[in-house]
Amino acid sequence: MRSSFLILSLLLVSLTGYSQLLKSENLRCEYKINPVGIENAEPRLSWELVSDQRNVLQEAYHILVSDNPALLKKNIGNIWDSRKVSSSGSIQVVYKGKPLSAAKMYYWKVMVWDNLNHSSGWSSVQQWQTGLFSQKDWKGARWIAYEVMADSARILPSHEGKRDKNGGTNNDVLPLLRKEISIKKKISRATFYISGLGHFELRINGRKVGDHFLDPGWTNYEKQALYVPFDVTNELKSGKNALGVMLGNGFYYIPKQKKRFRKLLTQYGYPKMICRLQINYNDGSSEDMISNESWKSAPGPLTFSSIYGGEDYDATKEKKGWDLPGFGEAGWKRCIITNGPPQLNAQAADPLKVFEVFQPQQITEISNRSRVYDLGQNSSGIIRISVKGKKGDTVRVTPSELLNTNGTVTQKATGSPFYFTYILKGDGLETWEPRFTYYGFRYLQVDGLQPVAISGLHTRNAAEQAGAFRSDNVLFNKTATLIDWAIRSNMASIFTDCPHREKLGWLEELHLMGSSVRYNYQVQNLLGKSIKDMEMAQVANGLIPEISPEFTVFTWGGDMFRDSPEWGSSSVIVPWYFYEWYGDKKILSEAYPMMKKYISYLQSKAQDHILSQGLGDWYDLGPNPPGVSQLTPMGVTGTAIYYYNLNIMQKIAAIMGQEQDIVQYKKMAEEVKLSFNKKFFDAKTNNYGGGSQTANAMAVYMQLVSHEDKKAVVANIVADIKKRNSSLTSGDIGYRYLLRVLEDEGYSDLIYEMNSRDDVPGYGYQLAHGATALTESWQALPTVSNNHFMLGHLLEWFYSGLGGIRQEEKSVAFKAIKIHPEVVKGVNSAETSYHSPYGQVATAWKNDDGAFDLSVAIPANTTSTIYLPAAQSDRIYEGNQLLDQKNVVYENGRAVISAGSGKYRFKVLKK
């Protein structure tokens, strides 16, 4: 039992000069600040408590919501007045006011009270704008296009026989659409709701609206398209205005161009667009401008665009002023009315944007008309090029991750050929960047006319940064950066495997790399989209394909690349992890039918409760080139994941109040465990599946090992690593669980040894071989992708192990925080932070000359348990106060201290 005296002593210590009042900050609706396009009829609200006192817990809140900011200033919530609610809830607070109207602005604020008898006063006013709830909210807007594909010519993923070779068109028209409108009154607010397939760029009066890239996000176009709302109040002016839209292909239409790379061939239709411009005037009136046959269209200067093959732009075909009022429309034709996907939803995930801009670090001349530019960093993105020349001069830019021995670029492992082409109009300095495709690259080979300037623009999902890690260990810092670049490069409108040859959403990464990603980025809305994508990808028999959206049906090797439990189980594991990290019960209830259906599918595929299909421990380190599991027998990883799913389902069923499901899944789990141990456990050697690191680690982590055998199985894991000179063998599936077990069982020193070297395949090896982003193989092979994030599991240990930032068991959304830094030889200091749903959690420690120094920040409205590496003979200080060791509880070589919110500094002095 932990010491109440110690807890009390910490409660009584407060920071000096706490004149700051309690405040509520970082108000959010559906995880966003002032969002537009909220479609939830009962949106969830959240806020963070801020106080410079310790041990602050919320005891009550009061929310006001109004559709008129003037009323809110008078503290009138005409849409919802929650009154004072006794509750500690400051996240996932469900709106319970009047029914919300579509396309309308709502304003809100909150007041909170804490356990120290403080009131925050009213917060600043925040807002949310609802989206378009149903088809009628589009006010008659229609899908319009330059031309329409015949239904018989469409190629959909379900048409397996047509996937690569058969059918297909090579239409090169990337159209421009325009419409002029007249504004005669003063605007209070204007919102443009638009979807363009595959992608669009919206322009008003000659300027691009917003800073998004590749809007809207790609999805299952047989079922859904996404729309994007823009506040265009400041873009519109009195009098005539021109609305312009450029359309690109994306995954919606992949041209059948034999001279360009294409991983797959899907053609849902030719590019099209739908929009509604809602204008509210100061006099209280409003009007809508919609997409219909009155819009005009013409081919644009983009002559080729493919998500897999690159983009070509002919500046001689530009239509100057096409997006300005008064443009002559000679040669333009009326748009054609067409159909689109049956469901339109707001793009909830953050958009893609341009982030870092990389300049050439080195230029190598290949010939008079060919140079290679080294940007120094492998990342996802596009180029920006500035050129001067005559009309018709051409420049071609070929991006790549790696170089041939002669210094030229190579795309052998990343999809070839992919390139950008720009044809000059001969009008002084011309600057261009692609609009509707991207690639993964470090090098740029420029052939033809040489540029005045060229740079690489890194593009990724604009999810906010959530955490940071840094230590005094240079290799670990470089490793964290290596992994982070792979995460960034594969965080698009889905989580992709690589940013070049595939760009597909392989699902195992969602749960295996999930914690690493969540520590680093605020991905609630992107993960929410991923879960919806899985729901739409699920087939009638319950199968969750290995990729989602399923833009192609992989039939190679039978169902090997379509039906792996380790991949499809993201449909169960990811919603559960989402709940654990963010406290979102809604995501569980919405995904529960998908989960149940998938579990039934796995049950139907199991032979004596064993699942042996799929890929197993993909890309493990064995005697052969990487691929399907080599060291771990088929069935081990799939069945272990199956058992893990069943235990998760029991927990979710309990939350859902599904008592019969709890009984069913408990019985199934017991049967699976019995069969797993019967088939894979060797009682003589205490090994699973022949003793691979993956097999033993997964058996331990999934709690398939009996209590009496666990110690021996863990010892076998450790022995196997040490006999290999502290090197790893686990692959894509197993390595995360290997690290989890080693951390949980107190072997972080061994994690350090395994990952602090560069002479065997691993992170250090990749860095030593020139990698600047995590590679697909442990060996950094040039024959596979050199920007893949599936093996980046060590980043989770940097946060949870070295940084020590974890949750207590059964905690949700970091309400109960566990601070447990792993102090290992070779690392003398580390600083780590994670912005949890309740606020910033941070640790900074230093281990020097027999003294351990730890600073901790715990956000308000949470509690924590801090585990200090200390013996009973050590002296422990908090601030300047010596703690009475007689009242300190010790567990496994740690002093255990319970503490509320606030900032603490502990010092352990060894005797």
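This is a predicted model: local features need pLDDT of at least 70, side-chain atom pairs count only at pLDDT 80 or more; totals for chains, interfaces and linings use all residues.
**Sheets, a helix and a buried leucine**

Trainee: Which residue of strand 3 is the bridge partner of E25?
Mentor: Strand 1 pairs with strand 3, residues 44-50, in the antiparallel sense, and 5 bridges join the two. Strands of a sheet pair through backbone hydrogen bonds. In strand 3, the bridge partner of E25 is E48.

Trainee: What is the order of the open sheet of 6 strands?
Mentor: Its pairing is antiparallel. At the edges are strand 14 (207-208) and strand 22, each of which pairs on one side only. Strand 11 (residues 175-183) and strand 16 (residues 239-248) belong to this sheet. Its order is 14-13-16-11-19-22.

Trainee: How many bridges join strand 11 to strand 16?
Mentor: These two strands run antiparallel. One of the facing pairs has S182 opposite K240 in strand 16. The number of bridges joining strand 11 to strand 16 is 8.

Trainee: Which residue in strand 22 does S297 stand opposite?
Mentor: S297 is in strand 19, where it stands opposite L177. Strand 19 (residues 296-299) is joined to strand 11 by 4 bridges. Strand 19 is also joined to strand 22 (residues 333-334), by 2 bridges, and those strands run antiparallel. In strand 22, S297 stands opposite K333.

Trainee: Is L214 buried or exposed?
Mentor: L214 lies in the loop between strand 14 and strand 15 (224-231). Buried means under 20% relative accessible area. L214 has a relative accessible area of 4%, so L214 is buried.

Trainee: How far apart in space are L214 and V112, C-alpha to C-alpha?
Mentor: In sequence, L214 and V112 are 102 residues apart. In space, C-alpha to C-alpha, their separation is 40 Å.

Trainee: How many residues of helix 17 are buried?
Mentor: Helix 17 covers residues 794-802 and is mostly covered. Among its buried residues are W797, F798 and Y799, and also E796. G804, with a positive phi near 75°, follows the helix. The buried count for helix 17 is 9 of 9.

Trainee: What is the radius of gyration of the protein chain?
Mentor: The chain holds 17 helices and 48 strands, and its C-alpha atoms fill a box of roughly 90 × 70 × 55 Å along the principal axes. For 911 residues, a compact globule would have a radius of gyration near 29 Å. The chain agrees with that, because its own value is 29 Å.

Trainee: What percentage of the 911 residues is buried?
Mentor: Of the contacts with a separation of 6 or more, 75% are between residues 24 or more positions apart. The accessible surface of the chain is about 34,200 Å², and carbon and sulfur atoms hold 48% of that surface. Buried residues make up 61%.

Trainee: How far apart are the mean positions of the positive and negative charges?
Mentor: The protein chain has 103 positive and 92 negative charges. The distance between their mean positions is 4 Å.

Key: Residues are numbered from 1 along each chain as its sequence is written. Side-chain values use heavy atoms; hydrogens and water are left out. The radius of gyration is taken over C-alpha atoms; the globule rule is 2.2 Å times the number of residues to the power 0.38. Buried means under 20% relative accessible area, exposed over 50%, partly exposed in between (1.4 Å probe, protein chains only). Contact means heavy atoms within 4.5 Å. Accessible areas come from the Shrake-Rupley method with a 1.4 Å probe; for residues, only the protein chains shown count as cover. Lys and Arg count as positive and Asp and Glu as negative; His and the chain ends are not counted. The place of a charge is taken as NZ of Lys, CZ of Arg, CG of Asp or CD of Glu. Two strands pair if DSSP finds at least two bridges between them.
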